[in-house]
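Subject: Handover of a structure with notes

Dear colleague,

I am passing the structure below to you for your studies. Please look through it before you read the notes that follow.

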Amino acid sequence: MTFIRYFIITLMLLGAALPAHAQLADTELAALVDALAPGSFKDREAAIGNLVASGDQRAVPVLETLLEGELYFDEASGKVVFTSAPSGKGAIADPITGADLPDLAEGGLEKVKVNNNLRRVLRTAIGQMTLLSPIRDMRLSAAQSILRDADPAQLDLLDTALAAEADPAIGRVMDQARAVIMLKSPDASVEDKAAAVPVVQAIGGRDALNTLTAALATAPAEIQPAINQAIEGLARDRAAWDVAQNVWFGISLGSVLLLAAIGLAITFGVMGVINMAHGEMVMLGAYTTFVVQEIIRQNYPGLFDWSLAIALPLAFLVTGLVGVAIERGIIRFLYGRPLETLLATWGLSLIIQQAVQRIFTANIREVGNPSWMSGSFELGGLAITWNRFYIVIFAALVFAALLLVLKYTAIGLHMRAVTQNRRMASAMGIRTPLVDAMTFGLGSGIAGLAGVALSQIGNVSPNLGQGYIIDSFMVVVFGGVGNLWGTFVGALTLGIANKFIEPYAGAVLGKIIILVLIILFIQRRPRGLFALKGRSVEA
Amino acid sequence: MTGVNRAIAGLGLGVAMTTGAVAVPAFAQDETIKVGVLHSLSGTMAISETTLKDTMLFLIDEQNKKGGLLGKQLEAVVVDPASDWPLFAEKARELIEVNGVAAVFGCWTSSSRKSVLPVFEELNSILFYPVQYEGEESQRNVFYTGAAPNQQAIPAVDYLMENAGVERWVLAGTDYVYPQTTNKILEQYLLDHGVAAEDIMINYTPFGHSDWQTIVSDIKAFGSTGKMTAVISTINGDANVPFYKELANQGIKAEDIPVIAFSVGEEELAGFDTTPLVGHLAAWNYFQSVDTPENEAFIAAWQAFMGNPDKVTNDPMEATVIGFNLWVQAVEKAGTTDTDAVLDAIIGLQTPNLTGGMATMLPNHHITKPVLIGEIQADGQFEVVSESDLVPGDAWSDFLPESKLIEADWTAPIACGNYNTETKMCGGSEVAAAQ
């Protein structure tokens, strides 16, 4: 029933709001569509304008295809066509009738080029043409497009659409669009403008603030106090949200630092091994993700959204095994000789980097975001990107899991025993070499997990690890060597401090300030935030 | 850290050597002409520079198939300066003094170029530098086959002003000499064109910056005032991937705030999914997608040489090709590889650009190039949306007060890299700066 009602209303409105010849003859429309192909971008813009003016709904799919950059034309005849597959492949069809055009060959097709300006024009055009569409989603996106452009020339069209709109959600967007237009338009009456102010204020956010600020200059004196008040309220909200946004950025940066540092907190913090190859473990984890995604892309494209879930255990295994091999092969001969350990692990890090470069080349590798990790969502005035959001959660989970392992499992108990008093533990029958290997493997494995997460926000290249190694040491030393909670608090503190300094000092100076602050802090408290107490420390 | 790094690389601790330093000594010494290849094969710049090493091997291979040069075969001498700027100078010295190369093709960052300049001057050898750079330099022994600012940055700004109606500008760059000088020129240019100072935002980030949340959100705020805003990015190297990922995730569309990049090409785009970035721009003098017979033949030969049909090409590769072809012609014209003879012979020589038109070596050691503006496509390639006529490279920017009067001309009678056209004196840069 509703559909038919919309349809009738639409038909009536089409007749009323748009030029009379809303449905052209096929040949006339075809001529207008073919005009999209030749000439410059300016000519194309004019051709789009003509299509919109025709009001013929059959032009909408053509414009949408053009917006996607998938509209083609036959070079010989100049005829604009649709193709059934992307990138000009597949069967060729007439854009209006949908009939097959078997005479035309794929090779003779040329893309109808669009640029940014045209894309903007197209979005507006499609918005105008679909504002009265019977399909809800089309109307909604059309209304949003009108709100974004807020062009006073669209007012009549908007009013007709508003009168016919039954869906409250779309109606609200249209109301907002109307209010913004009212504030913008020099011709609008004082009453209209006054009524528009609270509507725009209710939109909230930076856009509303900018609209009102712009409107203030041209507004009549009697509504200026109202606008000023609205601006003040919005600015206050904005300031509060900005602080919240900074805290979120800080937590997000802190979670990345935590992920990078937490493996080091075990190998360096708990075992006391200065492991310069820690960053390379992170890098190996990221490359594991890359390999997993490559295999999935080639063999099981449907599983792509699961690629990270598959990569996580694999990355843990790969880097964990590499870690055990490093401990057994090199580090166990160097316990108690920190300088040699430092040099050996650093040399090792270079070897691993070059090895990876030999295998995967020096080029940046593409690690895709699964669909559930792309884009962002709004939480009040906060814009939170999904990938950062999941990484924060992931970091918290890894941290909690590590605490549980150390506290409640046998291997965790052994690890703690060995680090607290190696000889006593050995006397109690714990095989300390095995525990050493396991501990180092665990630390490396966690670095591998971090690599999976970091591949989602950064790039995957042989140098990936180098970017994180300094930060990781900074976090562990700042938080207090040997204390996992110290690493946790240290990472978050550094993250948030960094994000509060950055807007004032810039990214370069911000980093320097943080380094200086840490140096000063270490001067005061050489053992970091949470210093271990007891005999083992003094020894 | 760098000290130890250098020591290790210098000692050739097996690590750096695994990348294959010193290649193909297939012929006896007197029968070959040696060509030095000075590109980082390890460290942060390996991502970009390794391809140029391969390009040189490819070009030398092609030339040898054609019978070599002056009846002799060419031989590549490849060294790895490991993204370590002082090491570039050491390796350049090694190439010239120990290996006796006729010319060197190399360097990427301006820091590495500045580091080798005194070496080439002292030992009187030739360097071909294939990357777009900040200008404000012209050296007797160096040929700049990449773009000067007037061949990339200024036309890009013009395009955005005229075609996109941009009124508000974000200049975002990595914190080193190329972005800083380029941004200085651009800022002056924008101010000269009536852009208000509050409509320009300048932002620098460290090399390899990975957390772009704050900056991207600042850009978003800066661009939401109703005035059309664009970002001019001189962000270099691997920091680009997280930057573009953050742009995509925070939903900044090219239609709302276009980003035009000077250091992002096909090679860099291969590192991520470009679907959310469609419409963002890059300004170069070459794109792989340009449809000319020369380019098609080059891409086919290159992909065959690399044995990889997906191997992309990019702008610095084209600059390397042009530099190499000009050098070959100059040696043939001079009949010798002697530095002074080649320096004289090369001025005015022409070779085809892969994108159409002829590249001419100018007296200021820069070349003529067309300027292309491309929009990123979903397949990681660029669609050309604007193409200029040939633009001669200008070593000294006309938009900075201190270099406005300076010209470079290495032909007689001036023969000077920084000639002050007002005082008619060489060394004009210092004179102008003192005023």
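This is a predicted model: local features need pLDDT of at least 70, side-chain atom pairs count only at pLDDT 80 or more; totals for chains, interfaces and linings use all residues.

Strand E9 (residues 259–261) of chain B pairs with E10(B) in the parallel sense, over two bridges. Within E10(B), Ala282(B) stands opposite Ala261(B). E10(B) also pairs with strand E13 (residues 368–376) of chain B, here in the antiparallel sense and over four bridges. The bridge partner of Trp284(B) in E13(B) is Leu372(B).

I turn next to chain B as a whole. Chain B has 13 helices and 17 strands. Its radius of gyration is 21 Å, close to the 22 Å that the globule rule gives for 435 residues, so chain B is as compact as a globular protein of that length. The C-alpha trace of chain B spans about 70 × 55 × 50 Å along its principal axes. Of the 435 residues in chain B, 57% are buried. Among its contacts between residues at least 6 apart in sequence, 68% join residues at least 24 apart.

The domain assignment divides chain B into domain 1 (2–147 + 293–368), domain 2 (150–289 + 372–392) and domain 3 (401–435). Between the C-alpha centres of domain 2 and domain 3 of chain B there are 32 Å.

Chain A contains 21 helices and six strands. The radius of gyration of chain A is 31 Å, well over the 24 Å that the globule rule gives for 539 residues, so chain A is more spread out than a compact globule. Along the principal axes, the C-alpha atoms of chain A fill a box of roughly 95 × 70 × 45 Å. Buried residues account for 44% of the 539 residues of chain A. Of the contacts in chain A with a separation of 6 or more, 70% come from residues 24 or more positions apart.

How many residues does each chain bring to the contact between them? Chain A gives 44 residues and chain B gives 47 residues. On the side of chain B that touches chain A, at least two residues are supplied by each of several elements, including helix H2 (46–65), helix H8 (240–249) and strand E14 (382–392) of chain B. The largest share of that side, five residues, comes from H7(B). Sorted by class, the side of chain B that touches chain A has 15 nonpolar, 22 polar and 10 charged residues.

Finally, some remarks on confidence. The model scores ipTM 0.80 and pTM 0.82. Chain B has a mean pLDDT of 86, and 91% of its residues reach 70 or more. Over residues 1–29 of chain B, however, the pLDDT is below 50, and this stretch has 39 contacts in the model beyond near neighbours in sequence. Residues 429–435 of chain B also stay under 50 in pLDDT, and for them the model has 12 contacts beyond four places in sequence.

Yours sincerely

Definitions and conventions
Residues are numbered from 1 along each chain as its sequence is written. Chains are lettered from A and ligands numbered from 1 in the order in which they are written. Two residues are in contact if their C-beta atoms, placed from the backbone, lie within 7 Å. Ala, Val, Leu, Ile, Met, Phe, Trp, Tyr, Cys and Pro count as nonpolar, Asp, Glu, Lys and Arg as charged, and the others, Gly among them, as polar. The radius of gyration is taken over C-alpha atoms; the globule rule is 2.2 Å times the number of residues to the power 0.38. A residue is buried if 20 or more other C-beta atoms lie within 10 Å of its own, exposed if 12 or fewer, and partly exposed in between; C-beta atoms are placed from the backbone. Two strands pair if DSSP finds at least two bridges between them. Domain bounds come from an automatic or database domain assignment. pLDDT is the predictor's confidence in each residue, from 0 to 100.
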